[in-house]
Amino acid sequence: MYRKIFKQATQNKELLIFAAGVATAIVGKKILESKVVKDVATDAVAGVMSIKQDAEARIDDIKEDAEAKIVDDEDRIEIEVEAEEVEEKPKSSKKSKKSKKSKK
C-alpha cells in the first residue's frame, strides 16, 4: 500500500512539492514557536538596541565637542579681530598728532 502511495506521489510532482511545502511550514512554525529561538531572537534584538544606544551616545558627544570647538574658534577670531582694531587705533592717532604738529 505504501508503495502504491509513493508511486502515485512520485508521478504527480506538483502534489509532492505541495506536500513538502506543507511539511516545511509545519516544521518551521514549530521551530519559530520554540522557546530557544525566541530567546536567541530576543538576545539579538537587545544586542542591536544596546549598540544603537552606544552609537547615539557617542554621536551626541561628538556633536557637543564640535559645537564647543566652533564656539572656541569664534571666540578666538573675535579676540584676534579686536586685537587688530586696538593695534590700528594708536597708529592712526599718532599720525593725526604728527599732522597736527606739522600744521602749527
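1. Helices (H or I, at least four residues) and strands (E, at least two) are taken here as DSSP runs, numbered from the N terminus. On that basis the protein chain has three helices and zero strands, in the order α-α-α from the N terminus on. Residues are numbered from 1 along each chain as its sequence is written.

2. This is a predicted model, in which local features need pLDDT of at least 70, side-chain atom pairs count only at pLDDT 80 or more, and totals for chains, interfaces and linings use all residues, while side-chain values use heavy atoms, with hydrogens and water left out. The predictor's confidence in each residue, pLDDT, runs from 0 to 100. The protein chain averages 80, and 76% of its residues score at least 70. Confidence is lowest in helix H1 (residues 2-11), with a mean of 75, and highest in H2, with 88.

3. Burial is classed by relative accessible area: buried is under 20%, exposed is over 50%, and partly exposed lies in between (1.4 Å probe, protein chains only). Of the 104 residues in the protein chain, 1% are buried. Accessible areas come from the Shrake-Rupley method with a 1.4 Å probe, and for residues only the protein chains shown count as cover. The protein chain exposes about 10200 Å², of which carbon and sulfur atoms supply 62%.

4. A salt bridge requires a side-chain nitrogen of Lys or Arg within 4 Å of a carboxyl oxygen of Asp or Glu. The count by this rule is two. In one of them, Lys35 meets Asp39 at 3.9 Å, N to O. Lys35 and Asp39 are four residues apart in helix H3 (residues 35-103), so about one helical turn separates them. Lys35 is exposed, because its relative accessibility is 61%; Asp39, at 35%, is partly exposed.

5. Glu56 forms a salt bridge with Lys52, and their closest N and O atoms are 3.9 Å apart. Glu56 is partly exposed at 40% relative accessibility, whereas Lys52 counts as exposed at 51%.

6. Patches are made of residues with over 30% relative accessible area and no salt bridge; like charges are joined within 9 Å, and nonpolar side chains (Val, Leu, Ile, Met, Phe, Trp, Tyr) within 5 Å. Leu15, Phe18, Val22 and Ile26 make a nonpolar surface patch of about 390 Å². Val22 belongs to helix H2 (residues 13-33) and is partly exposed, because its relative accessibility is 36%.

7. For charge, Lys and Arg count as positive and Asp and Glu as negative, with His and the chain ends not counted. The place of a charge is NZ of Lys, CZ of Arg, CG of Asp or CD of Glu. Asp60, Asp61, Glu64, Asp65 and Glu67 form a negative surface patch. Asp65 is located in helix H3 and counts as exposed, with a relative accessibility of 54%.
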